[in-house]
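Subject: Structure handover

Hi there,

Here is the structure I promised to pass on. Have a look at it first, and then read on for what turned up.

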Amino acid sequence: DQSARVQAVLDQSATRLKAVRVQAALRAAVELRRTTERIAAEIPPEKQAEFYRVIARRYERLGLRPPSTPAKAP
């Protein structure tokens, strides 16, 4: 009986910890995208393509969809 109660507490904790990890990962991804946008805004247009290539590899290593390179103005 005690073992079952302890297991139930552990199961509940595992569920909550998973939710915390998911939320933290989402928040980290949002921050990473904001930072990428801020850096891209500071880089001259002729260097942005290379910047996005480097960033894309980093996003992929993290299992995230990389940002697309902004379209050039006509």
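A word on terms before anything else: helices (H or I, at least four residues) and strands (E, at least two) are DSSP runs, numbered from the N terminus. Please keep in mind that this is a predicted model, in which local features need pLDDT of at least 70 and side-chain atom pairs count only at pLDDT 80 or more, while totals for chains, interfaces and linings use all residues. Residues are numbered from 1 along each chain as its sequence is written, and side-chain values use heavy atoms, with hydrogens and water left out.

**Overall form**

The secondary structure comes to two helices and zero strands. The protein is more spread out than a compact globule, because its radius of gyration is 20 Å, well over the 11 Å that the globule rule gives for 74 residues. That radius is taken over C-alpha atoms, and the rule is 2.2 Å times the number of residues to the power 0.38. Along the principal axes, the C-alpha trace spans about 70 × 20 × 15 Å. Of the 74 residues, 14% count as buried; buried means under 20% relative accessible area, exposed over 50%, and partly exposed in between (1.4 Å probe, protein chains only).

Just after α2, Gly63 takes a positive phi of about 80°.

Ala4 has its place in helix α1 and counts as exposed at 51% relative accessibility.

The buried residues of α1 are Ala29, Thr36 and Ala40, and they pack against α2. In α2, the buried residues are Gln48, Phe51, Tyr52, Ile55, Ala56 and Tyr59. What covers them includes α1.

**The nonpolar core**

Which residues make up the largest nonpolar core? The six are Ala40, Ile43, Phe51, Tyr52, Ile55 and Tyr59. Helix α2 (residues 45–61) gives the largest share of this core, four residues. Such a core is a set of buried Ala, Val, Leu, Ile, Met, Phe, Trp, Tyr and Cys residues joined through side-chain atoms within 4.5 Å. In soluble globular proteins, nonpolar side chains tend to be buried together.

The structure holds one aromatic pair. Phe51 and Tyr52 form this pair, which is edge-to-face, at 5.4 Å centre to centre and 75° between the planes. Rings of Phe, Tyr and Trp (its six-membered ring) pair if their centres lie within 6.5 Å; planes under 30 degrees apart count as stacked, over 60 as edge-to-face and the rest as tilted.

Thr36 lies in helix α1 (residues 2–42) and counts as buried, at 4% relative accessibility. Its side chain makes a polar contact with the side chain of Tyr59 at 3.0 Å. A polar contact is a pair of N or O atoms within 3.5 Å; within protein, one must be able to donate a hydrogen and the other to accept it, and residues adjacent in sequence count only if both atoms are side-chain atoms. Leaving aside neighbours within four places in sequence, Thr36 is in contact (heavy atoms within 4.5 Å) with Phe51, Tyr52, Ile55, Tyr59 and Pro67.

Gln48 lies in helix α2, and its side chain reaches the backbone oxygen of Ala40 at 2.7 Å. Not counting residues up to four places away in sequence, Gln48 touches Ala40, Ile43 and Pro70.

Best wishes
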